[in-house]
Structures are given as C-alpha cells and as structure tokens.
Amino acid sequence: MDSETIKLPAIDFSQPGLKPGNPEWDSVKGQVRKALEEFGCFEAMYDKISLELQKSFFKALEELFNLPLQTKQRNASKKIYHGYIGQYPIFPLYESMGLDDANILEKVESFTDLLWPEGNSNFCKTVHSYSEQISELDKIVRRMILESLGLEKYMDEHMELTNCLLRAMKYEGPQTTETKVGLPAHTDKNILSILCQDQIRGLQVLTKDGHWIDVEPSPGSFTVMIGDALFAWTNGRLHCPFHRVMMTGNIARYSAGIFSMPKAGYIIKAPEELVDEEHPLLFKPFDNVEFLSFLRTEAGKGAQFALKTYSGI
C-alpha cells in the first residue's frame with residue numbers, strides 16, 4: 001500500500017509555563033490525549049535537546065555502527081530487542097544496538113567501556129546527556145496521559161514501573177530507487193517510545209483507516225508513540241499504531257529510540273476505572289518481560305498482533 005502525505009499532530013513542549021496545573025499544561029495535555037486517541041503518536045517539539053546535542057548524538061551513532069562487527073556483537077543480551085541485531089536475511093538493511101538504563105551515567109560508562117576498552121568519553125557524555133533529557137520528555141507525556149484519564153492516583157506506581165532502553169538504529173541505503181523494507185510493520189512492545197531520526201526519510205505510520213503516512217523528520221522534533229503495554233494498561237483507550245521503515249537511495253539512515261520498558265515482575269493490568277460495559281477488559285494481566293519471551297516462540301513470531309494472541313480476552 002502506498003504512503004500518503006498526512007502530517008502527524010505537532011505539539012509544542014517548549015513553551016514557557018509548561019508545568020502541571022498551568023493553562024499551558026492543560027492545553028498541551030488535551031492535545032496529547034487527542035493525538036494518541038486518533039493516531040497513537042505525534043510530533044513533539046522539545047527544545048531541551050539542543051540542535052548541537054542532536055548533531056553530536058548522530059555523530060556518536062555513526063561512530064558506534066562503524067565499529068567492527070565482532071566489537072558490536074559484544075552488545076549481547078538474553079532479552080529480545082536489547083542487544084545487537086544485525087546480519088538478518090529477512091531485513092538486511094537493518095542493524096541496531098541496545099543500552100539498558102541509558103539515563104544512568106554508570107550504565108552508559110559500562111556500555112562505553114565494553115565497546116571502547118581504551119575509553120571514549122565524548123561518546124559516553126553525549127549519549128547519557130541525550131538519554132537523560134529524552135527521559136524527561138517521556139515522564140511529561142506519561143504524566144499528561146494519566147491526568148487526562150483521571151488516574152493521578154496511579155502516578156507514582158506508573159513512573160516506577162519502567163526503565164529506560166536506548167536503541168540505536170542504522171538502515172543501509174538499498175542502492176536503488178526502488179523502495180525496500182528497512183523494518184517491517186510492527187507495534188512497539190513497551191509503554192512509550194520517543195524516536196529521533198536524521199533527515200533521511202523512512203518512518204511510516206499506519207492510520208486507523210488503513211493508510212500509511214510518511215513521518216517527515218524536522219530538526220528539533222521527536223516522534224512520540226505508545227506501545228502495546230500502554231495500550232493494554234489503558235484498556236484500548238489510546239491507539240497503538242503499526243509502523244515500519246521503508247528505504248530508498250544510497251544514503252544510510254540513522255535513528256534512535258528511547259523506550260520506557262516495564263520492569264520484570266510488574267504486572268500490566270488495566271485499572272478498574274477504565275473497565276466498564278462500554279469498555280470491557282481487552283487483555284488478561286501479564287508480565288511484559290514474559291510477553292517479550294513469547295515473541296521468540298513460533299506462535300509469537302507468526303502472530304499479526306502478538307499481544308492479542310498472548311493475552312487477549
């Protein structure tokens with residue numbers, strides 16, 4: 001299906017006075033709720049990440065992926081989507097690496113030392129600063145979501161249930177004018193995703209009415225998107241969008257996502273306030289880490305909507 005040029009809602013988080021209880025906060029909160037109900041994602045303008053930091057961050061990504069393959073493979077993890085991914089015949093253009101707790105300096109230092117035993121302080125400083133600032137945007141958006149749903153009493157619990165995963169991604173240019181799949185259509189498996197892409201197009205989002213739309217990258221903006229875990233926790237009140245990456249041309253594309261991931265042992269369960277006759281319960285309670293393990297099974301790999309297969313009612 002061809003893509004269409006429909007812009008996602010753009011929401012400004014850079015305006016002064018954006019604090020809980022202020023009119024600006026309530027206005028943005030309403031925009032967030034509407035965008036996530038309609039599209040499941042939106043473009044966030046957020047000036048806490050300077051253009052200089054973004055530029056340094058993408059240079060750090062290039063440096064990361066220019067490492068020898070054997071070095072990148074040190075980024076190993078037993079958890080799916082958390083370690084190095086590359087050399088996959090089914091999507092040969094895609095390569096990625098994961099860093100758990102990227103907003104914690106000691107974790108970034110350990111990751112840096114693993115790949116650069118001789119040290120790389122610039123990489124470490126840049127990645128930590130970027131991740132820390134994006135994590136603040138994650139908290140703002142999630143607070144607005146809970147407030148808009150009238151679920152403030154769950155705020156502390158909700159903020160404590162996740163840790164911060166950074167996934168750095170590279171898509172090779174396919175060396176053709178034909179459009180090739182960089183990453184097939186999928187939903188994210190977490191609470192919230194905040195994506196930053198360079199100026200090479202590729203990200204597409206599927207609308208509720210079945211049309212693919214291009215997400216146009218612009219300096220200083222980020223794509224905020226909900227994942228399966230938040231879709232289940234809100235009992236389907238917000239839309240969880242399928243998205244993909246389609247590549248053309250001969251230039252590599254770099255992007256990164258900050259993913260708020262539910263911690264092992266935390267049970268994703270819709271609050272009783274969101275379950276009624278009009279909104280019956282959609283999913284049985286589940287541990288998101290166990291759900292991720294299910295994705296490695298044949299049933300998980302073959303499911304079009306894995307969460308429904310795993311935990312749907």
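Author: Asparagine 190 lies in the loop between β6 (176-186) and β7 (192-197). Helices (H or I, at least four residues) and strands (E, at least two) are DSSP runs, numbered from the N terminus. This is a predicted model, in which local features need pLDDT of at least 70 and side-chain atom pairs count only at pLDDT 80 or more, while totals for chains, interfaces and linings use all residues. Residues are numbered from 1 along each chain as its sequence is written, and side-chain values use heavy atoms, with hydrogens and water left out.

Reader: Does asparagine 190 count as buried or exposed?

Author: Buried means under 20% relative accessible area, exposed over 50%, and partly exposed in between (1.4 Å probe, protein chains only). The relative accessibility of asparagine 190 is 1%, so asparagine 190 counts as buried.

Reader: With which side chain does the side chain of asparagine 190 make a polar contact?

Author: A polar contact is a pair of N or O atoms within 3.5 Å; within protein, one must be able to donate a hydrogen and the other to accept it, and residues adjacent in sequence count only if both atoms are side-chain atoms. The side chain of asparagine 190 reaches the backbone oxygen of leucine 192 at 2.7 Å. Its polar contact with another side chain, at 3.2 Å, is with serine 193.

Reader: Is glutamine 175 buried or exposed?

Author: Glutamine 175 is in the loop between β5 (162-171) and β6. Its phi is positive, about 65°, although glutamine 175 is not a glycine. With 56% relative accessibility, glutamine 175 counts as exposed.

Reader: And asparagine 235, buried or exposed?

Author: Asparagine 235 is in the loop between α7 (228-233) and β11 (243-249). Phi of asparagine 235 is also positive, near 55°, in a residue other than glycine. The relative accessible area of asparagine 235 is 4%, so asparagine 235 is buried.

Reader: What radius of gyration does the chain have?

Author: The radius is taken over C-alpha atoms, and the globule rule is 2.2 Å times the number of residues to the power 0.38. For 313 residues, a compact globule would have a radius of gyration near 20 Å. The value for the chain agrees with this: 19 Å.

Reader: What share of the residues of the chain counts as buried?

Author: The chain has 10 helices and 14 strands. Of its 313 residues, the share that counts as buried is 53%.
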